[in-house]
Amino acid sequence: MAATALPAACAVPQNGPLAQRAFSEPDHPYRSPFQRDCGRIIHSRAFRRLAGKTQVFTRRGSDHFRSRLTHTMEVAQIARTIARALGLNEDLTEALALAHDIGHPPFGHAGERALDEALQQFGLRFDHNLHALRIVEHFENRHLEFRGLNLTLAVREGIVKHSRDYSAQDHPELAAYLLDQRPPLEAQLIDLADEIAYLTADLDDGVEAEILTLQQIRAGVRLFELQFAPIAHSHPGAPEKLLFQETLKLMLNALADDLVAEIRRRVRERGIQDLEDIRRTPERIAAFSTEMEEFRRDAKEFLYHNLYLCEDLRRGHQQAANVIADLFAAWMADPALLPPGYSSQVDAEGAPRVIADYIAGMTDHFVLEMHRSVRQMVVPSRS
Ligand code: MG
């Protein structure tokens, strides 16, 4: 797809200031710095734990639902394809995709909200991007010579900035990450590759869970119906299940093709020649076209109303919130009950932050196990 490639200088170079690490290391003879970052993320404990974390569905009796790990692999596949089509840095894009959900707590967004609420009582917040940065900078300890994974500056900057902007005033600790500049395109496209992955996957899992039906999706998601109608017409008598799967693929491709074309259009229209131009542009360059953006919003709204906020999932969200609130309260009441590696951090970081770090790292399974054991010791039972 060389015809869609951007000017070569728009890509983050394999070597240069953004490939620098906080602790300098000799170059590898045949792996790029960002390829090494992919390796370090894949081999981390936090990455493996994504297998035990909810994407949308918690323990619903099917082995076919996405976990955060399989979701992450889908995002990496989509993001790398888009980066290749545009001639961007594929290794960097893949590293950012692999790390994009590494800071997510157990129980999906319900878990994140519960942790954030618990921390707000102490004037703190939980933010999964900033937590991801703490993981790669502090909590992963697998190297003799440095703490954390010692990832390149581009990957750490992308972990912080891929999905939102932070003001230097509110976050002076992030000053090293060029907060007054837009992130490179490799980071900008991650959030959209994430959306492409989950918009289609959640329809799939929603049908698998028997919460959504094909008819409901056809009536409620215009982008789906646009792809479904012609192939149903050209394949009379084809099994519904295959038409559904085929349509999801077409929908995913339509979103990815649109993103590639729109990024290319914006770069051309604004006369962008290199990475510095991308960084100086007031708005993000990675976006869907106006028409596709409407389809995207429409699909997301459908998922909110019919899946994420449905009664069935809401019950699970409430249970998840209770479990996290109970654990948080129990350890606040007696931080000495934390494992030694965490209780020893309480003086330096304060109990609320240390407890949130500990809970955020847990898998769904482990947090429930901790809840059972800690509750027996201290928490008055919730009636
Ligand atoms: Mg994600």
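Reader: Which helices each supply at least two residues of the lining of the largest pocket?

Author: Those are α3 (68-86), α5 (108-120), α8 (185-208), α13 (290-308) and α14 (311-333). Helices here are DSSP runs of H or I with at least four residues, numbered from the N terminus. Before we go on, this is a predicted model: local features need pLDDT of at least 70, side-chain atom pairs count only at pLDDT 80 or more, and totals for chains, interfaces and linings use all residues. Residues are numbered from 1 along each chain as its sequence is written, and side-chain values use heavy atoms, with hydrogens and water left out.

Reader: OK, and which helix gives the largest share of that lining?

Author: α14, with ten residues.

Reader: How much space lies in the largest pocket?

Author: About 1,100 Å³. Of the 43 residues lining the pocket, Q55, G108, H109, A110 and H317 are the closest to its centre. A pocket, worked out on a 1 Å grid over the protein atoms alone, is an open set of points where a 1.4 Å probe fits, with protein on both sides within 12 Å along at least five of seven lines; lining residues have an atom within 4 Å of a point. The volume is the space filled by probe spheres set on the points, which are joined across faces, edges and corners.

Reader: What classes of residue are in that lining?

Author: There are 13 nonpolar, 15 polar and 15 charged residues. Asp, Glu, Lys and Arg count as charged; Ala, Val, Leu, Ile, Met, Phe, Trp, Tyr, Cys and Pro as nonpolar; the others, Gly among them, as polar.

Reader: Switching topic: which residues coordinate the magnesium ion?

Author: H71 and H100, each through NE2, plus D101 and D194, each through OD, at 2.2 to 2.5 Å. Along the chain these donors follow the spacing H-x28-H-D-x92-D. D101 lies in the loop between α4 and α5 while D194 is in helix α8, so the pair ties together parts that are 93 residues apart in sequence. Donors are N, O and S atoms within 2.8 Å of the metal (3.2 Å for Na, K and Ca), and sites may look incomplete because water is not among the atoms.

Reader: Are D101 and D194 buried or exposed?

Author: Both D101 and D194 are buried. That means under 20% relative accessible area; exposed is over 50%, and partly exposed is in between (1.4 Å probe, protein chains only).

Reader: How many salt bridges does the structure hold?

Author: It holds 33, a salt bridge being a side-chain nitrogen of Lys or Arg within 4 Å of a carboxyl oxygen of Asp or Glu. One of them joins R164 and D127, with the closest N and O atoms 3.0 Å apart. R164 sits in the loop between α7 (153-161) and α8, and D127 in the loop between α5 and α6 (128-139), so this pair ties together parts that are 37 residues apart in sequence. R164 is partly exposed at 37% relative accessible area, whereas D127 is buried at 15%.

Reader: Last one: how many residues of helix α1 are buried?

Author: Eight of the ten residues in α1 (residues 33-42). R36, D37 and R40 are among them. What covers the buried residues includes α2 (45-49), α4 and α7, where contact means heavy atoms within 4.5 Å.
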